[in-house]
Amino acid sequence: MGKVVLDVKGLTTKYITRFREDVYAVDHVSLQVEEGKSLGIAGESGCGKSTLALSLMGYYFPPLHYMSGEIVIDGRNITGMKPDDVRKSILGTEIAYIPQAAMNALNPTRRIINFIEDVVLAHDPTENKKFIYDLARASFETLGLPADVLHKYPVELSGGMKQRTVIAVSVILRPKVLIADEPSSALDVTSQKMVIKMLKNLMETGFIKSMIFITHELPLLYNVTDDIMVMYAGQIVEQATARQAVFDPLHPYSKGLMGSIIVPESGLRDVKLTAIPGAPPNLKKPPMGCRFAERCKYVRAECRVMAIPLYEVGGGRAYRCILSEETLREAYGRAA
Amino acid sequence: MDAPRKSKPCLSGVGLTKVFGLGRRTTVAVDHVDFEFREGEVISIVGESGSGKTTLAKMLLGLINPTEGEVYFQGQKRDISSHRKRQEYWKNIQAIFQDPFSAYNIFNKIDTVLLDCIHMRGGRGLPRAKKIELMTEACGFVNLKFEEMTNKYPFELSGGQMQRLMIARIFLLKPKILLADEPTSMIDACSRATILDYLMKLRDEVGMTLIFITHDIGLAYYVSDTVYIMEHGRFVESGTADRVILHPQEPYTKRLISDVPKIYEEWDLSTV
């Protein structure tokens with residue numbers, strides 16, 4: 001087992017709405033990411049994927065509030081730090097975040113190199129410009145981006161190039177963990193592939209130690225990450241390796257998600273797409289028992305009354321369902 | 001190469017071209033494309049951003065005029081020279097767009113949206129009770145409750161509900177052709193299956209021709225009979241879904257398909 005870079009224990013965060021209602025968008029989430037590994041987070045829209053990403057940075061601002069739990073990055077506990085301290089000493093150097101519309105992060109009136117100067121100077125105001133330029137140039141060259149991009153304005157770059165530039169800028173201070181939240185969903189397939197290749201390259205060239213990748217595109221997740229974590233209504237419902245999660249999902253929700261995969265490969269045209277009926281529960285009043293009970297095909301009476309814990313199966317695998325592994329596999333018509 | 005197709009041609013184009021700009025600074029968005037869509041087929045037009053897919057869609061809908069070339073509708077030259085003729089044409093061809101949030105008039109209630117569709121099909125004189133019955137049926141088709149929809153404004157719905165309401169509109173209009181321009185790219189993979197399900201069910205019910213405009217090659221492979229691959233305003237390859245997607249001939253198609261993440265086959269990252 002490798003060294004654990006990111007260790008999260010029982011993290012709970014909530015949104016407070018303007019009507020003073022609490023919405024627990026991340027509910028007792030524990031996860032570990034080892035050095036050199038990548039973790040994928042899958043789930044429907046609104047299941048708490050992006051909130052989890054924001055919560056992991058320890059950078060809370062209303063309406064998001066920290067409730068409980070612990071975040072340890074490479075031995076350093078960042079829970080309870082002031083937002084300002086987090087911004088100055090954690091973001092960018094310990095943990096970096098690429099949001100979905102990352103390309104909009106660039107300032108249209110400034111050249112890329114000026115933007116990079118701002119980023120570096122925010123962390124260390126004594127750095128000189130020559131040093132920053134050399135650092136940026138070296139980083140861009142390692143990552144396979146042309147160095148003349150540094151002197152361009154954002155409008156001169158294509159969408160895919162802008163996205164790759166933002167990724168390169170976000171890792172310029174060598175963060176330990178990179179969180180990529182749907183980094184490629186606004187791009188077409190070719191630009192997407194370039195972004196993915198670059199992200200994989202980041203780990204190999206030692207820019208980052210580990211990565212968390214969030215998306216609802218399962219084929220992409222399967223190809224990029226080592227492990228997959230499925231989230232539903234703020235909770236983890238399944239943790240497994242990428243291979244297990246796609247070919248042998250245990251939780252009925254994960255099974256449902258895998259039924260919506262579309263890939264252009266032979267023989268798959270006649271496979272019927274299955275959608276999960278219904279909508280996720282309202283987290284203002286979460287159901288008492290299993291949160292998936294309303295939409296589950298295999299629901300039992302006790303599912304609706306009993307809070308289901310996350311069962312560890314061994315080998316890093318866990319799922320949140322009261323049915324046994326054998327019962328579930330049998331229900332899906334699959335040999336163990 | 002492909003098996004001969006039997007049904008009548010429904011929509012076809014000859015040398016369809018659109019040029020934007022003037023003088024020396026022109027962009028050819030669609031460059032002399034020829035096609036023949038048959039009745040009852042599911043067609044996908046696949047291409048990258050900027051390949052001219054949406055421009056072609058707008059020309060088919062009659063929203064912009066082609067610079068050159070003609071569109072033939074049911075074997076006849078399409079005539080949309082006057083407002084009345086255009087309205088007549090739009091009874092036969094309807095569209096669903098990518099962004100459901102901007103597809104509605106924000107000042108109109110959902111009732112008005114659906115009533116407009118009934119009126120467009122000549123149902124203006126129907127009794128109120130009959131109209132409500134039709135609206136309830138349309139909402140029921142996409143699993144929405146009319147009682148929950150009535151007296152609401154579009155912004156009160158979620159994105160998925162809005163997209164389903166778009167399909168309910170099409171259900172009322174029963175056009176001959178439905179053009180879906182990236183109908184699922186704004187919604188997540190799970191709801192995508194639901195929307196596709198309704199669209200295919202609608203096609204079976206109404207018997208219309210369905211044209212998907214998409215960059216999602218997986219989707220094109222799943223739903224369509226015929227696939228057209230578009231690059232820089234030209235169709236580079238066309239044929240049955242199995243032929244084009246599983247056995248591509250053109251280098252551009254091969255590259256496009258190799259860029260899609262796969263599950264059963266190895267996804268080669270070294271090619272970009």
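This report walks through the sheets, a helix, the core and the chain contact of a predicted model.

## Reading the model

Because the model is predicted, local features need pLDDT of at least 70 and side-chain atom pairs count only at pLDDT 80 or more, while totals for chains, interfaces and linings use all residues. Residues are numbered from 1 along each chain as its sequence is written, and chains are lettered from A and ligands numbered from 1 in the order in which they are written.

Helices (H or I, at least four residues) and strands (E, at least two) are DSSP runs, numbered from the N terminus.

## The four-stranded sheet of chain A

Let's start with an open sheet in chain A, where four strands follow the order 2-1-4-5 with antiparallel pairing. Two strands count as paired if DSSP finds at least two bridges between them. Strand 2 (22-34) and strand 5 (76-77) of chain A each have a single partner strand, so one side of each lacks a neighbour in the sheet.

Strand 1 (residues 4-16) of chain A runs antiparallel to strand 2 of chain A, and eight bridges join them. Within this pairing, Leu6(A) sits opposite Val33(A) of strand 2. Helix 1 (residues 49-56) of chain A packs on the sheet and touches strand 1, strand 2 and strand 4 (64-73) of chain A. The direction of helix 1 of chain A makes about 65° with that of strand 2 of chain A; axes here are lines fitted to C-alpha atoms, for helices over the stretch in contact, and angles run from 0 to 180 degrees between N-to-C directions.

## The eight-stranded sheet of chain A

Chain A also has an open sheet of eight strands, in the order 6-7-8-3-9-10-12-11 and with mixed pairing. Its edges are strand 6 (95-98) and strand 11 (311-314) of chain A, each of which pairs on one side only. On average, neighbouring strands of this sheet are turned by 20° against each other, direction ignored.

Strands 7 and 8 of chain A pair in the parallel sense over five bridges, and Val177(A) stands opposite Ser210(A) of strand 8. Strand 9 (residues 227-232) of chain A is joined to strand 10 of chain A by six bridges and runs antiparallel to it, with Ile228(A) facing Ala240(A) of strand 10. These two strands form a hairpin with two residues between them, and Ala233(A) in the turn has a positive phi of about 50°. Strand 10 (residues 235-241) of chain A has six of its seven residues buried, so it is largely enclosed by the rest of the structure. A residue is buried if 20 or more other C-beta atoms, placed from the backbone, lie within 10 Å of its own.

Leu187(A) lies in the loop between strand 7 and helix 6 of chain A. Leu187(A) is buried, with 23 other C-beta atoms within 10 Å. Its C-alpha atom is separated by 9.0 Å from that of Gln163(A), 24 residues apart along the chain.

The 16 residues of helix 6 (residues 189-204) of chain A should span 22 Å at 1.5 Å a residue, and its end C-alpha atoms are 23 Å apart, which agrees; the expected span is 1.5 Å times one less than the number of residues. Among the buried residues of this helix are Val189(A), Met194(A), Leu199(A) and Leu202(A). Their cover includes helix 5 (159-170) and strand 7 (177-181) of chain A together with helix 8 and helix 10 of chain B. Just after the helix, Gly206(A) takes a positive phi of about 80°.

## The core and the chain contact

The largest nonpolar core has 163 residues, of which Val177(A), Val230(A), Ile211(B) and Ala220(B) touch the most other members. Such a core is a set of buried Ala, Val, Leu, Ile, Met, Phe, Trp, Tyr and Cys residues joined through C-beta atoms within 7 Å. Helix 6 (residues 159-173) of chain B gives the most to this core, with nine residues.

The contact between the chains takes 31 residues from chain B and 31 residues from chain A; residues are in contact if their C-beta atoms, placed from the backbone, lie within 7 Å. Helix 7 of chain B supplies the largest share of the side of chain B that touches chain A, seven residues. That side divides into 20 nonpolar, four polar and seven charged residues. Here Ala, Val, Leu, Ile, Met, Phe, Trp, Tyr, Cys and Pro count as nonpolar, Asp, Glu, Lys and Arg as charged, and the others, Gly among them, as polar.

Technical notes
Contact = placed C-beta atoms within 7 Å. Buried ≥ 20, exposed ≤ 12 C-beta atoms within 10 Å, placed from the backbone.
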